[in-house]
Structure formats: C-alpha cells, structure tokens
Amino acid sequence: MTSAHIKVKYRHLAAWLFTIPGLLVQFFFGWFPVLYAFSVAFQRYYFVKPSEFVGAKNFQDVFHDPNTWTGFENTFYYAFLSILLTFITPIFVSILLMEMSRRTIRWMMILWFIPVASTAGIAIWKYMYHPRLGLLNGILAALHLPQQKWLDDPHLAMFCLVLPGLILFGPGLIYIAALQNIPEELYEAAEVEGAGFFRKIWFVTLPRLRPIIAMMLIFSVIGAMQVFELPFIMTGGGPGFSTTTTVMQIYGMAFSDYNLGKATALAILLFFAIMVLILIQRRFFREDIDVST
Amino acid sequence: MARRASGLLLLLVLLSGCGRGGIFGGGPNLNKNLTPSEYEQLPDSQKIRYKNVIVRVPDTWGGVLLPFDSGPYPSPIEKTIHEGDLNTLMGLYNQSLFELEHPRVKIDYINFDMWADTYQSQLAVALSAHRAPAFYVGRNLPQTIDQGMYADITDLLNGWDQAKNQPQSTVHEGIVNGRSYIMGSNQIGALIIRYRKDWFREAGIFNEHGEPGPRSDWTYDDFRRYARLLTDPAKGRFGFSDMEGDFLYNQCHGLDLYIPDPTGKHTWTFNDQDPDLLKSLQNAREMVNEDKSVLTSVSTGWFEWHHDFDASHAAMIPSLAFQPPQESVDQPYKFGKDKPFKDTVGMVVPPTGPTGINGMQLYSNAIGFDPTLSPEQLRAAFDWLKSYFYGDLWVNRMRESAKLAKLEGRQNPIYAEMLVLPYKPEVNLLDKPLSTVFPWDYLHVYDIIHKTPGPPLPRNFGLQEPSENEMTGDTKAMYSEAISSNVDLKSLIAKYKDLINRTVLNFSGPHDREELRRYIDARTAFYRQYYPKYYETAWKQKLATYYRVP
C-alpha cells in the first residue's frame, strides 16, 4: 500500500471519527424517537407496566374520532391564515422597507425584533383580547365603537390567534437580510430597460428572494401545522372546538388521557400530512433562482 | 506454579472479605434489623451502607433543599443557619429524625412541582425513567390507576388506624375492583363558594346569623339573583366568575352527564334524556349574555377566576374550602389594611336545587405511590406521610411554624391546619378553640363538610368509566359553544351527544349489566339514606324513566 493510499484511508477514518458523535446524537435524539413512535402507535402504551400490542386499533380510533377531522380542519385553517398574514405580508413590508434609508432600515429591524419574545407576548395578548376587561375592547369603547368578543367569538377566534404572529414572528428580518444581498446592478439594469417600481419587484426582487422564500415557506408550513402554544395558552381550544388544533389533541391524548398509543397514531398522521404538503410545495415552488416554476 | 497458586489463594481471601459480612466495612450487623441505638454504634462506613431503602420525598410533603449556593457563607448549611431559614432547618431535622427512627431508610429530598400545568407529562416521564418521587398527587382517576401509575396500598391502608379519617370521596376515588391505590391528603375540603362580604353588605344580603352573605340553605335561584344584584359594570364588578361551563347548575340539580346505555351496546350513553340539560345550557347562556353577571371567557381557568376575585372583579367564585382559612392566616391583608381577610371573604356551601341536593363532595388531594417501589420503600414512604400529616414530623413543623409566625407577627398557622386536617394528631397543640379564631361561616362550612358522605362511584363496582378529562373537555366545549354562539340548543345537544358517545363513551365490559345494577342499587341506597328529598322527588323518577339497566 502506498503512502498516498494510507493518507486517504486515514483521512476517511478521521472523517468518520469526527462524524460519529454527531451521528449518534442525531440517531438517539432524532431518528430513534421517530422509529420508536411508529412502534408505540401499535401499542396500548403504559408508562410503568409492559405495553400491549393492539395492531391498528389506535389508527382506527383516530380515524373514527370526529375530533380528529375537526382538529385537522382547524390546523389547515390556521396554517392558511398564518401563511397569508404572517408569511406573505412581511415579504412586501420588507421590500417597501428597502426603499428607505439604511439608518431607518436598521431602526425598523430593531423595532421589529424587540417583540419577538413569543411566550410572554402570547400571555399579554390573551389579556388584551379579554372581552370584558381587555385593552382592545377598552379602546373600542373609548372610541364609541361596538365591542367584540375576540377570542370568545368562534368566527373570530382563529384570526385573533394568528394576528399576534404578525408582530411576534420576524421572518421579515430574514427577508431584509436577503434583500440586502441583491446586487444593485440588477436594479440599475432593469431601470435602463424601463422597468418601474412594481416591475422591478416582479422581475428582480421576487425571483432573487425565491430561495429564501421557498425555505421559509417550508418552515412556516411545518410551524403552522404544528401550532400548539398559541391556542393552548390563549383559548384552550375554544370556543367549542373552534381553535383546537391537531397538536393540542395529541398533547391532550398523551398527557391528559395517558393514551400515548392513540396520540402517537395521530402524530404519525400529522407527520404524513405535513410531508405531503412539503412534497407538493417542493414540486411547484423550486428554490433555484434559474429554474422556472 | 506455587507462586501462582498462592496468589490465587490471596485473591480468594480478599474477595471473600468484600461481601456484606466482609472486612471492608460489612460486618454481620448489616443483614439484620438494627434499633436506632445499635445503628448509631456502627462505624460511618457501615452506616452509609446500612441505609439501603431510599425514599424520594417531594417538596410538597416535607422535602426541603439547601440553597444552591452558599453566598458569602462558607457553606449552604451555614447560610441556612445564619439567615434564619427555620423551614429548611426543620426539614433537615425531620429528615434526620425519620432516618434515625427508621435506620434502613435514607430520605432523599427532591423538587417536583405537583401543581404545574405540565405535571402529568412530567410524572409520566419520571415514572418511565424510575426517577419519580415516592408519592405524588393522583389525578385523572381511574385512568391513571389503569395505567399502573400507583402502587396497590390496600394492605397498608388496612393496617392503618386512621384510615377511616380519610375523606370518603377520596377513598372511593381510589378503589378499583376492591383494591385501593390512593391515600387521602392532609387537607380536607370541598368545592365551596367564596364571596365578598363587603359587597353583600352593600347589596343588603344577609345570612341567618345576620352577617353579610348568602344563607347556608340558599337555592340556585338565589345564587343567580345574587349574581345579578352584585353586578355593577360601572365599578367593574361581576356577580360570579368561573370557567365557561354550567356555573354549578348540574351539581346543584343532580344532573349526570352520562347514564347507563339503554340499548346495552355500551356501558354508558350521553344523558340527553334529562330536561335539566337543556335548562342548564340555557341558564349558562342567559347568565353570561342577558344577566351579564358572570365574568368568564374562553381563557378563564382556575387561576384566572381566583385572580378576578382577588382583583375585586368578582363577588363570588368557586373555590376549595381549605383555601380561605389558610389565606386568612398567610395573607391577612391581601385586600388592604382596612379590610382584614376574615371580615372581607366569606365562604358558603354551593346552593341547592329544587330537590334539595347541591352535589357537594368532600375533596382532598389523592396521593398515589410509585408502583416501582420495593415493599420496604413503600412502607417507609407510607410511614413518612403518616408522620408528616399528624405524627412527630407534623408536631415539629407545627412548632417551628408557630415560632416563626410569632417572630414575624403573623397568626399561628396551627388553627387553619387543625380546621382542615382530617387526621387526629398525636399531640394537641391548640391553645384556644377554633371558634375564637375563625368567623362563623368558615366553621359552619367545615361542620357540613365533616357530615357530607361520599357517594359510591362506578369504579367501586368494577365498571369502566369515561376519562374525566375527555368528558370535561367535551362538555366544556358544549357549554362554551352555547355561550359564545346563538346556535339552537337542542341541535347543540344532539351534536355533542353524537360526539361524546363516539369518542368518550365508546366502551363496554364483559359483565357490565350486573355491575351496573349493583352500582345503581348502591346509589339508590345512598340517596335514600342521605338525601331523602332528592330520592323521593327526583331519583325515583329518573329510575322509572331513563336511568335503567337494559
């Protein structure tokens, strides 16, 4: 064996040695729980005593439970509202912001980032929405406008949950960072070609933002489909079941009813639902700037 | 060869000395049970090895932890001593005393928050990891018993002289198929109504003692009328605060939300047969939207409605009986210096419905034990709780609390402790009667609580019950929808009947009919004995119409 072969061999060995700790962590804390979940979904799971294999019963229970479909309906509705309001709006706000001076942009970014302390923010919003003692109705009353039930109105509750996300979640910061990397020459070239403000956005800005939008869309869809803390803290899933999401149901089944098998079956169903959404998204919305959609 | 043989021999000699009775600190004493004085005579190395029964005691029932850092002091213990942290020092003293009384036992104090929202998930994880406390609050019974989350303590309860003093309702909660899994805690109580005496005085409502507040035999109609009278939007006052639900209507009218399934297909079915269900939903809707006397919202929970009361937004709230006496000691001026707690906050039993029932049930925290404990650990854990509730440990902590209260100019906590304690302490520490400490209404409520019997429960007869959490969640959603929308209530009942029957009540056991009969017979006997008016005017009629085993 030549010394070059030995060097390559040791380089491979070293690469593996450096990778193995990371792989082990990824296996035990990432992949193993997922694999284990698939086995739990087929069991009547007990925390202390041995569990019982129940076949597909947990999946049957999940499919026959009318609350499952209510939960999915609410989750999709939340995801739709959330993406419409808190994903798309910041793109346009960021683009408009870029028209301002650099100093203003810096200040706006700071101001945008300050409220991103979501849990505390959620708790505050809960009290702002209170129908009788809340700030929002106080303002409406002061302006002699009709007061709203906010979270207590089944038709308004989901919108009220999404609204704080507009302020509390900062994808806009990421768009601004991406916008700052678009070469100025592209805009200059577009201007030479006679492009106005909106055409520059359409033909230069949005295509250049596509990779970051595609990535953020994946995160947003996954995040929205897994929404839990907002409805859990603010509405408990009500009024009625109007804000009960799938992850709330999973939590309730697992840790209130201790039916971990059924909870895991529902989690697996959600996992596949998210995966299908992501596959569809990746099929129709490519990240590569130069690939036509 | 000889050297190798002699080496092997030496190794064998050394190994033989490493056992329990060996020369490295074992000794024959370690295998037999020692008295405290025999234990004290052991050398340190043997003492530490002798203690092989580990009991993990949570902070809720006696566990204390030393400060995490020593600050400017040489050690945490010195910090505790010099800063006058008597509570921690008494905890350490009790730990040492109990260990000396039980030489085999080593008490490990741990932090374990039993009141957090995430308690159930934490407990599940801790039990799976064998890191749970030896005893903990039992919730969502009997599902958690079925989960195997508590040890069977039937034999320990049978040999306990004060077992009969446990609240009956708690005892019944913990019995499944004749075996007991739950011990009653040290605070006896019930769901009661706490109210603002000063607002009742303003409204001119006085009880049979001429004091401001509802009469102890008030009715549900009185309750609703008082809630209206005490509501004053200009002052931000509401008559009542509670989570979105039936506002006590169901328990005051003896309304069961599930009844035996007449078809026999399942054990239970949702009770849409009782006309009171429709009235209950109508009542909730009217109190919120027409009377506007209830402060509630979709986010209102136990802590919120208590905060509403403390913030002077609500005149009446549901509460636990042991809370007002304890708060009157711990926070005597929480409403201001000019409003002592006892003169400002009253308590009364829930109102009765037309058939003379108010559904009041005794309450104490149910305590379950870690099922993975060895018999010795289980016995030691049980002994700890007995001593902590009314034995040596109790006496020590009461004396320490009394001394601390005196130094800090607070009332002695022994009075509140004795009012709510279901057990008989081995030493009498009371220096004056409770009637000189607490107002009439506090004592009267506790008189009634002590006379309130515990009703039989389906689980006592081997019947499977729906998950309380699921049932509560679904019915809360039904009331929430009734309150927040204008949907037709009959169609709402039909919708939730379908939902609850498919999700919560979709089970039956192999011998349900016979067990259901025994259960209903027991309930009939219970009402006949303790609530004759309800038995004659309501229960008989229910039995004749829809409360029947197929």
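User: Gladly looking at it now. Where do the axes of α9(A) and α10(A) come, and at what angle do they cross?

Analyst: The axes of α9(A) and α10(A) come within 10 Å and cross at roughly 140°. Axes here are lines fitted to C-alpha atoms, for helices over the stretch in contact, and angles run from 0 to 180 degrees between N-to-C directions. Helices (H or I, at least four residues) and strands (E, at least two) are DSSP runs, numbered from the N terminus. This is a predicted model in which local features need pLDDT of at least 70, side-chain atom pairs count only at pLDDT 80 or more, and totals for chains, interfaces and linings use all residues. Residues are numbered from 1 along each chain as its sequence is written, while chains are lettered from A and ligands numbered from 1 in the order in which they are written.

User: Why are α9(A) and α10(A) called oblique to each other?

Analyst: Angles under 35 degrees count as roughly parallel, over 145 as roughly antiparallel, 65 to 115 as roughly perpendicular and the rest as oblique. The crossing of α9(A) and α10(A) is at roughly 140°, and these two helices are therefore oblique. Their crossing is also right-handed; a crossing is left-handed if the near helix is turned anticlockwise from the far one by less than a right angle, and right-handed if clockwise.

User: Which residues make the contact of α9(A) with α10(A)?

Analyst: Leu186(A), Tyr187(A) and Ala190(A) come from α9(A), and Lys200(A), Phe203(A) and Val204(A) from α10(A). Two residues are in contact if their C-beta atoms, placed from the backbone, lie within 7 Å. By kind, there are 5 nonpolar, no polar and 1 charged. Ala, Val, Leu, Ile, Met, Phe, Trp, Tyr, Cys and Pro count as nonpolar, Asp, Glu, Lys and Arg as charged, and the others, Gly among them, as polar.

User: How do you know whether α9(A) lies largely in the open?

Analyst: A residue is buried if 20 or more other C-beta atoms lie within 10 Å of its own, exposed if 12 or fewer, and partly exposed in between, with C-beta atoms placed from the backbone. Of the 9 residues of α9(A), residues 184-192, the number buried is 0, so this helix lies largely in the open.

User: What makes His64(A) buried or exposed?

Analyst: His64(A) has 11 other C-beta atoms within 10 Å, so it is exposed. You will find His64(A) in helix α2 of chain A.

User: What about α8(A) and α10(A): how do they pack?

Analyst: Helix α8 (residues 171-179) and helix α10 (residues 197-225) of chain A pack at an angle of about 140°, with axes 10 Å apart. That makes α8(A) oblique to α10(A). Among the residues of this contact are Ile174(A) of α8(A) and Leu209(A) of α10(A). The contact of α8(A) with α10(A) divides into 8 nonpolar, 1 polar and no charged residues.

User: How do you know where confidence is lowest and highest in chain A?

Analyst: By pLDDT, the predictor's confidence in each residue, from 0 to 100. Helix α5 (residues 118-128) of chain A has the lowest mean, 73, and helix α2 (residues 57-64) of chain A the highest, 93. Chain A has a mean pLDDT of 86, and 93% of its residues reach 70 or more.

User: How many residues of chain B are in contact with chain A?

Analyst: 31 residues of chain B are in contact with 30 residues of chain A. On the side of chain B that touches chain A, α21(B) supplies the largest share, 7 residues. That side divides into 8 nonpolar, 19 polar and 4 charged residues.
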